[in-house]
Amino acid sequence: MVHNMSLEVGGRKLTIETGRMAKQASGSVTVQYGETVVLAAVVADKKPTTKDFFPLTVEYREKSYAAGKIPGGFFKREGRPTEKEILSSRLIDRPLRPLFDEKGFPFEIQIFATVVSSDQENDSDILALIAASAALQISDIPFPGPVGVVRIGMIEGKFVVNPTFAQLDESDLDVVVAATRENIVMVEGGSREVSEEIMMDALKFAFQEVQPIIDLQEKLRQAAGVAKRPFLPVPDMSALQGELRTRYAAAVRAAVSIALKEDREAEMHRITAEAVAAFSEKYPDFAAKIAGQVHDLEADEMRGAILNENRRADGRNTTTIRPITCEVGVLPRTHGSALFTRGQTQALAVATLGTKVDEQRVEELEGQSWKSYMLHYNFPSYSVGEVRPLRGPGRREIGHGALAERAIEPVIPADDLFPYTIRLVSEILESNGSSSMATVCGSSLALMDAGVPIKAPVAGIAMGLIKEGDRTAILSDILGVEDHLGDMDFKVTGTREGITAFQLDTKIAGIGMDLMEKALRQAKEGRLHILGIMEQTLSAPRKEMSVYAPRIIIHHIDPEKIREVIGSGGKVIKRITEQTGAQIDIEDDGTIKIASYDSRGGEGALAMIRAITEDPEVGKIFTGTVRRITTFGAFVEIVPGKDGLVHISELEPHRVARVEDVCQEGEKMVVKVIGIDKEGKIKLSRKQALAELAEAGAAAPAETE
């Protein structure tokens, strides 16, 4: 039976439907908003898995046909997922995963979200999350949802629900907020230096807007009436847990107090190996679970030390930031570089400046665009002392890179002020938590080292949470173990003026507004502390760029003269490029960008373009090239594509019988502009030019070709 339900969200109709498509899946729905439609189908395996992690897989895909397009490339079909698809898959996964009961339902679950129609106005990512939640709700999979989600923008100081792509261009805020009935479970987005107060208002506003979407999913579940599969009985391991605690609690308590990550991990590995050897024979049915139980004991001891003693694994209290060192200009031939170290996390950030040809072409459902600023994050295995195959960037690397890119984007100068393509690369050399935030700090320093006139430096901090009942502790600058064993990973980036990016993930069923507000205040204190240290190293962009960076000159001409600069078949612009080595880009509005690694080449190209586009003035002297000889004179090209006539009477002070007696085609000739008629024809004189130069004792002007 088909069930179809709708409500208005942000002034547009949101419709959820089930029972029409993909009926053999465990649950499937379509969500339509405007003319954008997403199909989500979820399936749970029939056999339990033995994997030691929750086996949830999320795949989000955009089909070209959704926007009436045929894929580019040789194969003419969709290939590997794009960065947008990977980021949207993560957007769906992150709020749903913490809600599942992984112990009572150890079955592999797959969520497929497919964009089947796109109006190129409404982003499909939040629709895919709503569809995934609704599909889980009406399936036989036990899911303690539902989850609702909205995107919040802010235009002229007013919040906008689910802004269109066009509205986002004008918005100071772009934040996706996912929530359950009680709490916020995920936040993802960026802003243009908004205050903590505005961000909290946006979160509260979003939370209220999400509730009707949750109600709609509940109504759909009741209408569908699908019975949920039962949970599997969880084996009673209380006896094993008791013996492990009695024997190893003290050793684990001492281990989690070891400050150095590698020493702490080595000691925990020793304890785990000893426990497995000691109890595998006594508890053969739980042999594969012993290591996991020791891990749970580690979590209990670490969390207890924080809540009871305000003491973290490395000895800090909850608000102290790890020691920070900043270095800039660490690489001699790069355009800008910085080494940012915070505790045992270290990022090498490198800035490279390019020209327009280096821009990245991005093809998405809403159309083709070009990126002139990008940030890439790399996480090699040696950064955590591990060995693993070297493959392309994974979902985590793409996600961390996108977060850092979003964090710095608001301070990147406009293209008309700084017409460079900017690429930042962050190499994580050591990692013990907050590597994405180290990327933000290091990249900000690298940009300033490169002489990029950013609006202000940006810093980032990762916050954590330990929550046991009503007892809570918010942690500033979390370690890797605190991320792994804690309840929240909350990243905030910004300048001294406000927030530029914001990401919240939880491992529990959400975070209340009071905790969110406290975490934001604590994050601001930490961010300002980090900015202070960064500013001691480099407080503003360098005045000069690296000598190895290209120089770009912007020049504006009358659009009517573009054809003169290009020439027939591109003849003129090719000649300028060949002679100067400069790269020239001409836009339809007459803006010309001249890029050259040699400043002389750029200035030479500019001089040639000016000579072509600026109208010759009477009295100005040029060194031109004789292009054609006639019986009555010579035609001399004074600038590329523009020539004038030197009448035979203007060649020499005395009478000339034949033009060929004075010059030949292809020879250089010094000439003076002596007249321009109404039709724009230029009259030149060689004899007047020579006389004027001789009188002044000056040399002939340089060639303009």
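**Why these labels fit**

Q: Why is A22 called partly exposed?
A: In this predicted model, A22 has a relative accessible area of 36%. Buried requires under 20% and exposed requires over 50%. The value of 36% falls in between, so A22 is partly exposed.

Q: Which phi value does N162 take, and is N162 buried or exposed?
A: Phi of N162 is near 50°, positive in a residue other than glycine. N162 sits in the loop between β8 (158-161) and α3 (165-170). Its relative accessible area is 6%. Buried means under 20%, so N162 is buried.

Q: How do you know whether T180 is buried or exposed?
A: T180 has 7% relative accessibility. That is under the 20% cut-off, so T180 counts as buried. Its place is in the loop between β9 (173-179) and β10 (184-194).

Q: What does T180 touch, leaving out residues up to four places away in sequence?
A: T180 touches L99, P146, V147, V185, F207, Q211 and I214. P146 lies in the loop between α2 (125-137) and β7 (148-155).

Q: Why is T493 called buried?
A: T493 has a relative accessible area of 0%. Buried means under 20%, so the label holds. T493 is in strand β20 (residues 488-494).

Q: What makes the link between the side chains of T493 and T500 a polar contact?
A: The two side chains are joined at 2.8 Å. The cut-off for a pair of N or O atoms is 3.5 Å, so the distance qualifies. T500 is also in the contact list of T493, which includes A407, M437, V440, V458 and R527.

Q: How do you know whether M302 is buried or exposed?
A: M302 has a relative accessible area of 3%. With the limit at 20%, M302 is therefore buried. Its helix is α7 (residues 290-309). Beyond four places in sequence, M302 is in contact with V256, I466, V481, E482 and L485.

Q: How far is M302 from L7?
A: The two are 295 residues apart in sequence. Their C-alpha atoms are 46 Å apart in space.

Q: What makes α5 roughly antiparallel to α6?
A: Helix α5 (residues 238-255) and helix α6 (residues 261-279) pack at about 160°, with axes 11 Å apart. Angles over 145 degrees count as roughly antiparallel, so this pair qualifies. The crossing is right-handed.

Q: Which residues of α5 and α6 meet?
A: From α5, the residues are L240, E243, L244, R247, Y248, A251, V252 and A255. From α6, they are R264, E267, M268, I271, E274, A275, A278 and F279.

Q: Which residues of α6 and α7 meet?
A: M268, I271, T272, A275, V276 and F279 in α6 meet I290, A291, V294 and E298 in α7.

Q: Which residues of α15 are buried, and how do you know where they lie around the axis?
A: R686, A689 and L693 are buried in helix α15 (residues 686-696). They cover an arc of only 65° around the axis, which puts them on the same side. Residues three or four places apart in an α-helix point the same way, because there are 3.6 residues a turn. On the other side of α15, A694 and E695 are exposed.

Q: What covers the buried residues of α15?
A: The cover includes β25 (621-630), β27 (642-647), β28 (668-676) and β29 (682-685).

Q: What is found at the start of α15 and just after it?
A: At the start, a side-chain oxygen of S685 reaches to within 3.1 Å of the backbone nitrogen of Q688. Just after α15, G697 takes a positive phi of about 70°.

Terms used:
Residues are numbered from 1 along each chain as its sequence is written. This is a predicted model: local features need pLDDT of at least 70, side-chain atom pairs count only at pLDDT 80 or more; totals for chains, interfaces and linings use all residues. Side-chain values use heavy atoms; hydrogens and water are left out. Buried means under 20% relative accessible area, exposed over 50%, partly exposed in between (1.4 Å probe, protein chains only). Helices (H or I, at least four residues) and strands (E, at least two) are DSSP runs, numbered from the N terminus. The arc is that of the directions from the helix axis to the C-beta atoms. Contact means heavy atoms within 4.5 Å. A polar contact is a pair of N or O atoms within 3.5 Å; within protein, one must be able to donate a hydrogen and the other to accept it, and residues adjacent in sequence count only if both atoms are side-chain atoms. Axes are lines fitted to C-alpha atoms, for helices over the stretch in contact, and angles run from 0 to 180 degrees between N-to-C directions. Angles under 35 degrees count as roughly parallel, over 145 as roughly antiparallel, 65 to 115 as roughly perpendicular and the rest as oblique. A crossing is left-handed if the near helix is turned anticlockwise from the far one by less than a right angle, and right-handed if clockwise.
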